[in-house]
Amino acid sequence: MKILKAAAEMRAASRRTRTGGKRLGFVPTMGALHQGHLSLVQAAKAQSDVVAVSIFVNPTQFGPQEDFAKYPRTFERDCALLEKEGVEFVFAPSVDEMYPNGAVTYVIVERLSEKLCGRSRPGHFRGVTTVVSKLFHIVEPDWAFFGQKDAAQVAIIRRMVRDLDMPVEIVVCPIVRQPDGLAMSSRNTYLDPQQRKSALVLYRSLMRVEEVFRSGERNSAKLISAGKEVIAQEASARLDYLEVVDPDNLDFMPVISADALVAMAAFVGTTRLIDNVVLKA
Ligand code: AMP
C-alpha cells in the first residue's frame with residue numbers, strides 16, 4: 001500500500017493504473033475509520049481493480065464553532081486497517097496541499113445545499129462539494145463510494161456530478177450500525193457511556209416513524225410528530241431537525257407517494273449526530 005501526500009503523485013498513480021487498463025475505485029474519508037468506512041472499501045474492492053482511499057479532515061466543511069480541531073485523527077491505525085483490506089493507495093494530503101494560499105474557488109450545489117444539515121451548518125455542503133470535486137480531479141476514479149449515512153451528501157454529490165458532467169459513477173452503500181442500532185460514526189467517540197445510551201434515541205425515533213408508516217400513515221406531519229415524541233422522552237438529546245424529504249432533491253414531502261427519506265440530526269450533549277431511514281412507497 002502506497003501512502004501519497006502530493007496531489008501530483010496521486011494523479012500520476014491513478015493515471016498509471018487506468019492507462020494499464022485497470023478500473024479505479026475511490027473512497028473519500030476524513031479518517032478515524034470504523035466499519036462504516038470499511039464497508040465502502042470492501043464494496044470498492046469488490047467492484048474495482050485498484051482502490052484508493054483519501055484521508056483528509058477538510059477544514060472548509062466545518063463551521064467556526066465546530067469540531068475541526070478536536071476531530072479524531074488516528075492515521076496510523078487507519079492505514080493498518082486499510083492495508084488489511086488490500087487498499088493500493090492512501091491519499092493523505094495536508095491542508096496546504098489541498099488549499100494553497102489564496103484559494104477562493106468553490107463548488108456550490110444551489111438550493112440542495114441549504115437543506116437538512118445545510119440549514120443548521122451554513123457552508124458545510126459548499127466545503128463538501130468543493131473538496132469532493134478537488135478529490136475527483138486529483139484521483140480521477142471510475143467509481144466513488146459514499147455512505148447512505150450521509151443521505152443529503154449523496155443527493156448533493158450526485159447532482160454535482162450530473163450538473164458538471166464529472167466522469168465518475170457514484171456508488172452508495174447502506175448504513176452500517178452497531179448491534180443495538182446506533183449508526184457508526186467517527187463522532188461516536190465523543191460520547192461518554194451515558195451519552196452512548198442516549199444516542200440510541202435517534203434510531204429508536206426513526207424506527208417509530210417507520211412503524212407508523214407501516215401501519216398505513218402517509219401524512220409526513222403525523223410521522224414527524226411520532227418521531228419527535230420519542231426524542232422528547234430522552235432528556236439529554238436535543239433535536240436539530242427531523243424531516244421527510246424527496247431523496248433526490250431534498251424537498252419536503254408532505255404526503256408520501258414515492259420513496260421518502262426520513263432524515264434527522266440531534267445533539268447528545270455537545271455531539272451532533274445524524275441518521276436516516278428510507279420509507280419505500
Ligand atoms: P466521513 O469520514 O465521516 O467523511 O465519512 C466518509 C464516508 O463514509 C462517507 O461517504 C460516509 O457516508 C461514509 N460513512 C460514515 N459512516 C458510515 C456508516 N455508519 N455506514 C455507511 N457509511 C458510512
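**Exercise 1. State which residues line the largest cavity, and how they divide by class.**

Solution. Start with the lining: Lys149, Leu182, Ala183, Ser185, Asn188, Leu202, Leu273, Ile274 and Asp275 surround the largest cavity. A cavity here is a set of points, on a 1 Å grid over the protein atoms alone, where a 1.4 Å probe fits but cannot get out, and lining residues have an atom within 4 Å of a point. The model is predicted: local features need pLDDT of at least 70, side-chain atom pairs count only at pLDDT 80 or more, and totals for chains, interfaces and linings use all residues. Residues are numbered from 1 along each chain as its sequence is written, and side-chain values use heavy atoms, with hydrogens and water left out.

Next, sort the lining by class: five residues are nonpolar, two polar and two charged. In this scheme Ala, Val, Leu, Ile, Met, Phe, Trp, Tyr, Cys and Pro are nonpolar, Asp, Glu, Lys and Arg are charged, and the others, Gly among them, are polar.

Then look at the elements. Strand 9 (residues 271-279) contributes the most, three residues. Strands (E, at least two residues) and helices (H or I, at least four) are DSSP runs, numbered from the N terminus.

Last, the volume is about 60 Å³, taken as the space filled by probe spheres set on the points, with grid points joined across faces, edges and corners. The structure has one cavity of 30 Å³ or more.

**Exercise 2. Describe the contact between domain 1 and domain 2.**

Solution. First, the bounds: domain 1 covers 2-173 and domain 2 covers 186-279, as set by an automatic or database domain assignment. The contact draws 24 residues from domain 1 and 19 residues from domain 2, where contact means heavy atoms within 4.5 Å. Between the C-alpha centres of the two domains there are 26 Å.

Second, the area: about 1800 Å² is buried between domain 1 and domain 2, and carbon and sulfur atoms give 51% of this. Buried area is the accessible area (1.4 Å probe) that two parts lose on being put together, summed over both. On the domain 1 side, Lys115, Leu116 and Lys149 supply 29% of the area buried against domain 2, more than any other three residues. Lys149 also belongs to the lining of the largest cavity.

**Exercise 3. Work out which domains and which helix supply the lining of the second largest pocket.**

Solution. A pocket is an open set of points with protein on both sides within 12 Å along at least five of seven lines. Helix 7 (residues 151-163) has the largest share, five residues. By class, the lining has six nonpolar, one polar and five charged residues; among them are Arg158, Arg159, Asp248 and Lys280.

**Exercise 4. Decide whether Thr130, Leu239 and Pro179 are buried, partly exposed or exposed.**

Solution. The cut-offs are under 20% relative accessible area for buried and over 50% for exposed, with partly exposed in between (1.4 Å probe, protein chains only).

- Thr130, in helix 6 (residues 124-139), is buried because its relative accessibility is 3%. Leaving out residues up to four places away in sequence, Thr130 touches Thr105, Tyr106 and Val107.
- Leu239, in strand 7 (residues 237-245), has 24% and so is partly exposed.
- Pro179, in the loop between strand 6 (169-173) and helix 8 (193-198), is exposed because its value is 87%.
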